[in-house]
Amino acid sequence: HRPYLEHLQGLRPLEAQRLAASEALAQRKSFFHWFLAFPEIIQRGGFDCILGNPPYLGGQALSGTYGHSFCEYVKWQYAPTGLSELVVFFLRRIHGILKPGGFTAFITTNSIKDGDVRKDGLEQVMAQGSAINFAVRGIKWPGIANLVVSLVAIHKGRWNGPFELDGKSVPTISLFLEDAEDLGEAEKLEENKDKIFQGSIFLGDGFLLTHEKAAELVDANPRNQDVIFPLINGREINNEPNQKPTRSIINFFDWTEEKARTYPEPFAIVEELVYPDRQKQKDKIGKEYWWRFLRPRMELYSHIAGKPHCFTAAATTKHLNFSARPTDIVFANTIYVFTTDRWDLFSVVQSGLHEVWARKYSGALKQDLRYSPSNCFSTFAFPDGLWTTPKPDLATLGETYHEHRRQLMLDLWIGLTDTYNLFHTPDLTEAQLIKVAKCDPGKAADGLQRIQRLRELHVHLDHAVRDTYGWSNLPLGHDFHDIETLPENDRTRYTLSPTARKELLKRLLLLNHQRHAEEQQSQPAKPQKTTHKPRQPKPTPDQIELDI
């Protein structure tokens, strides 16, 4: 590879023998090289325009599909990017072979603007002085695949022409595909640390029990209740009207094998059903400690121990909602657990203010939100002093909201997702409610009034949280509004106005920067290191064997 790089730098001509070897390798591996396939275009500075639909493949699947050598190469070639998504490397490559003043336009999933994909892709491209001059944020894929896609066009270099976002003329388009000024990244805040955790990753269906089997084991030996718990997952949080677990699970925490064996009946089940599968896994810890969950999340359960309840949200969800759940159960990895029992803090995360922040700084899967605490909770600036000083009025409002919703779900026997589908339906009719809740007409009229009451409580909640920030002069404009990042056939929501959302995001980001600066100033100075390890030289491409 070194001679090739030297050729690109004009230091040596292409050698016929090496060129023939490259062509043979290309034919065998079924790929082509831009520089070899289009030498006359590359010689004059690159392509005028490239259109495409780059492939999309998530982080861990990259090594499984293309091999570790490929992953090491692209991390080297496109540093400082990570392994977020394959589309990132296509975007970077396309941008690299455009001539100055050239264009690229492509179809991609709507997560191109989210999290690490944005940081590794669009952020790196725009840092080189390029500009997004056209974008459509959310379109349902017209084919069979259930996808929501974005359309993006990029100009290589400074752009002085018009910008178009979702069919409208705008002054600029940011990395987040917004028409707002880019005020910088949100920073993680120390005050939010260790407040929310992902549930347990158990890795092995052999841990699972029916409630009936769990009861049998406890009846046979009451001591078994120490290691048998109800298990709740994201589907049950969102779809079960009573939000109760439908299965139980065996949990040996972070115990030694010797201690776990003192519960012979549950241990025998795990040994028979989990051990064989764990030995087939690549995870070293999973093999060695096969009787435990792969990720027991002991820190989560230590934070909620002794509390009457905590608050949970499904990791992937159409509507962001938090629900109070008991603490004597096991939470699956499809749930995030907010480890407080305070209702005023619930009010904040349940509010529209937190939701607009979460939707901007988390990821998306189709039209659903992939709630990402490391990006949207750790950076979210709560009202000043709320972590240490409770707000009783805000707590009362939050508990009232939650109880009204809980009773509504039970009486209509519908889950959270169906409840908020109705909540966000303009001009909701009794017939629509009957179709969803399958209730009799007598209940429908009452149900309509209670859905409307839930909307009213949500408005009160949002205003109370806004006022806690001291922003009572900001109109929130609750009504049925279109959310541009959602697919056109399902983007209407009863929520804050677009103007309010934009202003709130700006204020919350500025508050995040202020809090982060204050935390940095209050940190003690780190002592300077007196010794340094020798830096390892960056590998060159000829030291990396490609496995394509």
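The legends below describe close-up views of one predicted model.

**Figure 1. Overview of the protein chain.** The chain holds 24 helices and 19 strands; helices (H or I, at least four residues) and strands (E, at least two) are DSSP runs, numbered from the N terminus. Its C-alpha trace spans about 80 × 60 × 55 Å along the principal axes. Of the 548 residues, 46% count as buried, where buried means under 20% relative accessible area, exposed over 50% and partly exposed in between (1.4 Å probe, protein chains only). Residues are numbered from 1 along each chain as its sequence is written, and side-chain values use heavy atoms, with hydrogens and water left out. Because the model is predicted, local features need pLDDT of at least 70 and side-chain atom pairs count only at pLDDT 80 or more, while totals for chains, interfaces and linings use all residues.

**Figure 2. Helices H20 and H23.** Two packed helices are described by the angle between their axes and the distance between the axes. The axes of H20 (residues 392-412) and H23 (residues 441-468) come within 10 Å and cross at roughly 160°; axes are lines fitted to C-alpha atoms, for helices over the stretch in contact, and angles run from 0 to 180 degrees between N-to-C directions. H20 and H23 are therefore roughly antiparallel (angles under 35 degrees count as roughly parallel, over 145 as roughly antiparallel, 65 to 115 as roughly perpendicular and the rest as oblique).

**Figure 3. The aromatic pair of Phe338 and Trp387.** The structure holds 35 aromatic pairs. Rings of Phe, Tyr and Trp (its six-membered ring) pair if their centres lie within 6.5 Å; planes under 30 degrees apart count as stacked, over 60 as edge-to-face and the rest as tilted. Phe338 and Trp387 are edge-to-face, with 6.3 Å centre to centre and 85° between the planes. Phe338 belongs to strand E15 (residues 335-338) and Trp387 to the loop between helix H19 (373-376) and H20, so the pair links distant parts of the chain, 49 residues apart. Both Phe338 and Trp387 are buried.

**Figure 4. An aromatic cluster and charges over rings.** Ring pairs join Phe229, Phe252, Phe253, Trp255, Tyr263, Phe267, Tyr275, Tyr289, Trp290 and Trp291 into a cluster. Arg223 lies over the face of Tyr263, at 3.8 Å from the ring centre. Elsewhere, the charged end of Arg455 sits over the ring of Tyr494, 5.9 Å from its centre. A charge sits over a ring if NZ of Lys or CZ of Arg is within 6 Å of the ring centre and within 35 degrees of the ring normal.

**Figure 5. Helices H7 and H17.** Helix H7 (residues 86-96) is mostly covered, with eight of its eleven residues buried; among them are Phe89, Arg92 and His95. In helix H17 (residues 343-350), eight of the eight residues are buried, so H17 is largely enclosed by the rest of the structure. The buried residues of H17 include Trp343, Asp344 and Gln350.

**Figure 6. Backbone geometry in three loops.** Most residues other than glycine have a negative phi, and most peptide bonds are trans. The peptide bond from Ala79 to Pro80 is cis, with omega near 15°, and Pro80 is found in the loop between helix H6 (68-77) and H7. Phe253, not a glycine, has a positive phi of about 50°. Phe253 lies in the loop between strand E10 (247-250) and helix H12 (257-260), and counts as buried at 18% relative accessibility. Arg297 also has a positive phi, about 60°, in the loop between helix H15 (284-288) and helix H16 (298-304). Arg297 is buried, with a relative accessible area of 17%.
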